[in-house]
Amino acid sequence: MAIKVHGNPLSPAAQRVLLCLAEKDLEHEFVYVDLATGQQKKEPFISINVPAFEDGDLKLFESRAITKYIAHAYADKGTPLINHEDLKKMAIIGVWLEVEAQRFDAAGHKLSFEILVKPIKGWTTDEALVEQLQAQLTTVLDVYEKRLAQSKYLGGDNFSLADLHHVPIVNNLLKTKVKALFEERPHVWAWCEDILARPAWKKVLEGVKF
Amino acid sequence: MAAPVKVYGPPLSTAVSRVLACLLEKDVPFQLLPVNMAKGEHKKPDYLNIQPFGQVPAFQDESITLFESRAISRYICDKYANQGNKRLYGTNPLEKASIDQWLEAEGQNFNPPSSILVFQLAFAPRMKIKQDENLIKQNEAKLAKVLDVYDKRLEESRYLAGDDFTLADLSHLPNGQYLVNATDRGELFTSRKNVERWWGEISSKESWKKVVEMQKSPSPKSA
């Protein structure tokens with residue numbers, strides 16, 4: 001099979017890639033990498049990072065570079081996730097792609113790790129850090145609330161890669177007490193419900209035992 | 001003739017300098033507009049309309065307003081694809097994919113620890129803020145691991161994404177500049193043979209030298 005993804009289906013980064021493939025309706029092979037055994041450090045290609053991606057001869061890492069490649073290379077398949085034609089519209093999507101990568105994820109990913117992952121592994125949550133991260137996330141969600149009051153999706157009128165990148169961490173955080181931060185912002189909440197209800201995401205979840 | 005694009009913010013800001021380097025590489029005329037952060041201008045409604053987080057840079061090009069330096073840089077490369085350094089963001093999708101990969105590596109892996117080190121070691125002393133030794137140690141260790149990966153990569157590849165200097169390399173210049181020249185941790189770069197070679201090449205680009213000049217100048221306005 002031309003497209004392969006190496007990773008752990010529980011990892012938000014791997015889920016980001018799987019969701020993108022599901023939205024684009026692309027067949028692929030998933031190669032499970034057991035992070036616990038350090039398996040990902042063994043092969044030279046995938047030792048840099050997981051998830052890792054192959055499409056024929058092309059090899060890529062970094063989930064957001066992988067999804068960008070998929071969105072452009074398969075622009076005509078499945079859900080349009082970027083705007084090939086309109087440079088300005090693509091630039092706006094680009095802004096919110098960076099906001100997710102630089103601001104939302106910084107707080108959200110670490111929160112998810114502290115509140116969800118650590119207890120599962122039997123490690124102690126750093127409560128002081130959790131408070132700090134919640135404050136950071138609040139700042140971001142206040143900006144999102146304003147944005148989503150004037151725009152149906154972050155990047156514009158249509159669902160795009162900018163929204164898609166948020167799905168795995170939003171999904172995790174809504175299982176925790178941090179859900180309140182999303183619920184108390186009506187536009188953010190409506191957007192969360194919308195993006196989590198997409199059939200492609202449900203398909204990804206079916207493959208994840210969590 | 002099109003009006004020059006507008007960049008808001010001081011060249012000393014790492015994120016602003018990232019955009020300036022890109023504009024200079026692409027030969028795009030720009031106007032640099034100050035944001036008086038001492039007077040809280042960045043938190044006022046007028047500014048928040050163009051940058052909702054109240055940070056720099058913000059960018060305007062005809063009717064479009066953008067923020068986030070890496071998004072601005074990608075836009076500049078796409079819009080002005082046919083001028084200046086045409087290979088800065090690749091000339092085909094495969095080249096672009098490789099550049100995006102290393103741009104994400106910069107944004108996700110290099111930027112967080114290097115930003116903290118730059119703040120702690122270069123800025124905190126100037127601002128009379130107490131340094132956090134633990135934070136410095138932790139992030140030095142993190143950055144060392146990242147640079148080990150880079151050193152391996154740069155053994156086989158002249159620049160991060162391939163044979164050409166690209167946006168992926170450029171994106172490292174702002175933090176790298178402070179680390180190597182304004183802190184005593186430059187050896188993080190210089191002790192790694194391939195990273196040192198790469199740093200030497202990318203930091204001697206004419207465009208970056210111009211940005212460094214702007215950072216030293218009391219009131220740089222445009223190019």
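User: How many salt bridges are there between chain B and chain A?

Analyst: A salt bridge pairs a side-chain nitrogen of Lys or Arg with a carboxyl oxygen of Asp or Glu within 4 Å. In this predicted model, the count between chain B and chain A is 3. One of the residues involved is R103(A), which forms a salt bridge with E68(B); their closest N and O atoms are 2.6 Å apart.

User: Which elements of chain B supply at least two residues each to the side that touches chain A?

Analyst: They are β4 (64-67), α3 and α4 of chain B. The largest share comes from α4(B), with 12 residues. By type, this side of chain B divides into 12 nonpolar, 10 polar and 7 charged residues.

User: How many residues are in contact, and what area do the chains bury between them?

Analyst: For contact, look at heavy atoms within 4.5 Å. Here 29 residues of chain B are in contact with 27 residues of chain A. The two chains bury about 2,400 Å² between them, and 65% of that is on carbon and sulfur atoms. There are also 8 residue pairs in polar contact between chain B and chain A, both residues being at pLDDT 80 or more.

User: What lines the second largest pocket?

Analyst: To read a pocket, take its volume and then its lining. The volume is about 640 Å³. The lining has 33 residues, and H72(A), R74(B), D78(B), Y89(B) and K96(B) lie nearest the centre of the pocket. At least two lining residues each come from α2 (63-73) and α3 (87-121) of chain A, and from α3 (69-79) and α4 (93-126) of chain B. The lining divides into 15 nonpolar, 9 polar and 9 charged residues.

Methods
Residues numbered from 1 in each chain as written. Chains lettered and ligands numbered in written order. Predicted model: local features only at pLDDT ≥ 70, side-chain atom pairs only at ≥ 80, totals over all residues. Heavy atoms only, no water. 1 Å grid on protein atoms, 1.4 Å probe; cavity = no way out; pocket = protein on both sides within 12 Å on 5 of 7 lines; lining within 4 Å. Points joined across faces, edges and corners; volume = space filled by probe spheres on them. Helix = DSSP H or I, 4+ residues; strand = E, 2+ residues; numbered from the N terminus. Nonpolar A, V, L, I, M, F, W, Y, C, P; charged D, E, K, R; others polar. Buried area = accessible area lost by both parts, 1.4 Å probe. Polar contact = N/O pair within 3.5 Å; in protein donor to acceptor, adjacent residues only side chain to side chain.
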